[in-house]
Amino acid sequence: MAVVTGESLKSELEMFDIACQDDTILDKMVEQCICNRIQADEMVLEWVAYSTTKNGLKLTTDTLEYFEHEVLNKKNKSKQSFKKEETHNRTRDIHSLQDLIKAEEEEENLLDAYSTPAKGSQKRALTTPEHPHSKRSVALLTSPGLLLSQASSSPSSTPSQKYSQRGAKGEVVVSFGAVQGTRWAGRKESGAGVQLELLEGPEDSLRCSYKYMFQRLRDVRNVLTEKIEELGEGLKAHFNIEEFSPVSLPAQDSITVLGQVCCDSNGKLNAHSVLLEAGPEQGGQQIPVDLSELKDYSLFPGQVVVMEGMNTTGRKLMTSKLYEGVPLPFFTSEVKMEMSEEPLNVLVACGPYTPSDSLTFDPLLDLINVIVRDRPDVCLLLGPFLDSKHEQIEKAQVTETFEAIFSRCVESIVDGTQSVGCRLVFVPSQRDIHHHFIYPQPPFSLPSLSKDQAQRVTLVPDPCTLLIDGVTFGLTSTDILFHMGAEEISCGTGTDRFSRILKHMLTQRSYYPLYPPVEEVNMDYEKYQSFGQMPLTPDVLVIPSELRYFVKNVVGCVCVNPGRLTKGQVGGTYGRMLIQRSAASDDGTRVSPCLAAQVVKI
């Protein structure tokens, strides 16, 4: 277990936009981490979740006491009881299990006798191989046809009180570009004549599901090797480097080496655990790296870099200079496209589309109302649409198939925006419980859509590069910001963490440059090599995250985190942009097609 310090906790808190300068608070959190045997990142995640459920509770020594009592102590008790129960369960046979089931049914029947009819019979499904269809399985979806109405599929059939009581509806929380006096509305004929297609083309894009779980370690190694060599060629050309030296060859002079950053253990990367792993052409070995002579750096596992330094013994590289990657050029069309006088209005929203305490789709209904009001030309809707992390889904309190719920959800969006006529783009998420849990993720399949409906709907994979009226959009629903933010180490960079991570993505030319990926991302490296890379630097990069929303210009690319439409039990945010492709300026420099952008509370 890594040592938890006040600085590490402070750094983790800053990722969630929580400023803490009070050493007493940090010391208290360090004490709680040690007593409960948890890491700094896990501690901060638990606090953010607890604070969110308490309407944004402020971080103080008193609230930490409540947090320890209500969260940390209970987690410890549950862990201990789980261990005891696990030991006890090993001695149970099928007869004792059936006795337990019978006793539990009698107990619930007794409770039903004292409950009102409206509240009775709300029991979780419990089945055994001998009794596959228990009488206790009940239909929790009172009215399947009214999925997006007040009568939802939650057992309580009541909407989230915290969401319905939210304040500051429609408040603009982030602005970018020339927003003064901007009219946030689509063209006169919304969606008409909009050219929308995948940049890669039909033959080079991920169009349908594929077989996975068959990759070999050798194939993964080949993909990583090709990645090192490809980015190395770009670095060599950009920085005029003659050749790369083997990483483990002893030399008395300064050498230049190419490799991939990795950690010397299974723990979190830090300044003393950095290794540089070279490709086969440079020996294919790993060597420890000393970063003490570097004044500023930003590194993460999987990053391909060039380092310059001394390696007199062949056992450690004393790094004196670091060369990071360079981004690809922007899109330039050889075919002349007509330029519209009116800008394109693009709305961006990311799930979950329900509060965490209810399966009512009220937030989605509100979003549909926003679409009808503002009449955007294109709506980019990213998953999860049916969140695998939702409380009622985790507890198996939904008896209808996930595919049926999702299908009706999409049809409601399509029907609800029919009067607007806007183009709809659906991007899947790793958290969509009904869909393939693999990265890169194939697009949704919606065979139930009519021909007229299908003309307005575009189904794309995660990730993808989309071309909208000559403007390139990079889209991904996977929270790479959160994943890389937990792994990146930096020193003296002078830039915020979001900008650093976004620059890494653009210079590493990948939608997911982290290696190894986090546990919740199941990577298929053969498909990743074909569909997980950036074919160019997008004009706009849409990258939703659990972290704080923003709009930033990073190396000429406008990066948008619209936030999530719901955050726990409360309302979240969505984004909107005005896009217009323009010619180069008088001096020949590129002009960003993103005229303005905002993040707005739902």
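**Checking the labels**

Me: Where is the place of Val555?
Reply: Val555 is in the loop between strand S17 (550-554) and strand S18 (557-561). Strands are DSSP runs of E with at least two residues, helices are runs of H or I with at least four, and both are numbered from the N terminus. The model is predicted, so local features need pLDDT of at least 70 and side-chain atom pairs pLDDT 80 or more, while totals for chains, interfaces and linings use all residues. Residues are numbered from 1 along each chain as its sequence is written, and side-chain values use heavy atoms, with hydrogens and water left out.

Me: Why is Val555 called partly exposed?
Reply: Its relative accessible area is 38%. Buried means under 20% and exposed over 50%, with partly exposed in between (1.4 Å probe, protein chains only). The value of 38% therefore puts Val555 in the partly exposed class.

Me: What is the phi of Val555 near?
Reply: Phi is near 45°. That is a positive value, and Val555 is not glycine.

Me: What about phi of Ala168?
Reply: Ala168 has a positive phi too, near 55°, and is not glycine. Ala168 lies in the loop between helix H6 (161-164) and strand S1 (172-177). At 38% relative accessibility, Ala168 counts as partly exposed.

Me: How many aromatic pairs does the count come to?
Reply: The count is 15. Helix H3 (residues 40-53) holds Trp47 and helix H4 (residues 61-89) holds Phe67, so the pair links distant parts of the chain, 20 residues apart. The rule asks for ring centres within 6.5 Å (Phe, Tyr, and the six-membered ring of Trp); planes under 30 degrees apart are stacked, over 60 edge-to-face, and the rest tilted.

Me: Why do Trp47 and Phe67 count as buried?
Reply: Trp47 has 1% relative accessibility, and Phe67 has 0%. Both labels follow.

Me: What makes the pair of Tyr353 and Phe385 stacked?
Reply: The planes are 15° apart and the centres 5.1 Å apart. Tyr353 is in the loop between strand S9 (344-350) and helix H8 (362-374), and Phe385 is in the loop between strand S10 (378-382) and helix H9 (391-394), so the pair ties together parts 32 residues apart in sequence. Tyr353 is buried at 1%, and Phe385 is buried at 3%. Tyr353 and Phe385 belong to one aromatic cluster with Phe406, Phe426 and Phe444.

Me: Which peptide bond joins Gly351 and Pro352?
Reply: A cis one, with omega about 10°. Pro352 is in the loop between S9 and H8. Another cis bond joins Tyr515 and Pro516, with omega about 0°.

Me: How do you know that the charged end of Arg590 sits over the ring of Phe330?
Reply: The distance to the ring centre is 3.6 Å. The rule wants NZ of Lys or CZ of Arg within 6 Å of the centre and within 35 degrees of the ring normal. Arg166 also lies over a ring face, that of Tyr163, at 4.0 Å from the centre.

Me: Why is the sulfur of Cys379 too far for a bond?
Reply: The closest cysteine sulfur, in Cys422, is 3.8 Å away. A disulfide needs two cysteine sulfur atoms within 2.5 Å. Therefore that distance is too far. Cys379 is buried at 0% relative accessibility. Cys559 is in no disulfide either: the nearest cysteine sulfur, that of Cys557, is 4.0 Å away. Cys559 is also buried, at 0%. A search of the whole structure finds 0 disulfides.

Me: How do you know that Arg456 has no salt bridge?
Reply: The nearest side chain of opposite charge is Asp415, 6.6 Å away. Lys and Arg count as positive, Asp and Glu as negative, and His and the chain ends are not counted. A salt bridge needs a side-chain nitrogen of Lys or Arg within 4 Å of a carboxyl oxygen of Asp or Glu. Buried Arg456 therefore has none.

Me: Which side chain makes a polar contact with the side chain of Arg456?
Reply: The side chain of Thr417 does, at 2.7 Å. The limit is 3.5 Å between N or O atoms; within protein, one must be able to donate a hydrogen and the other to accept it, and residues adjacent in sequence count only if both atoms are side-chain atoms. Arg456 lies in helix H11 (residues 451-456).
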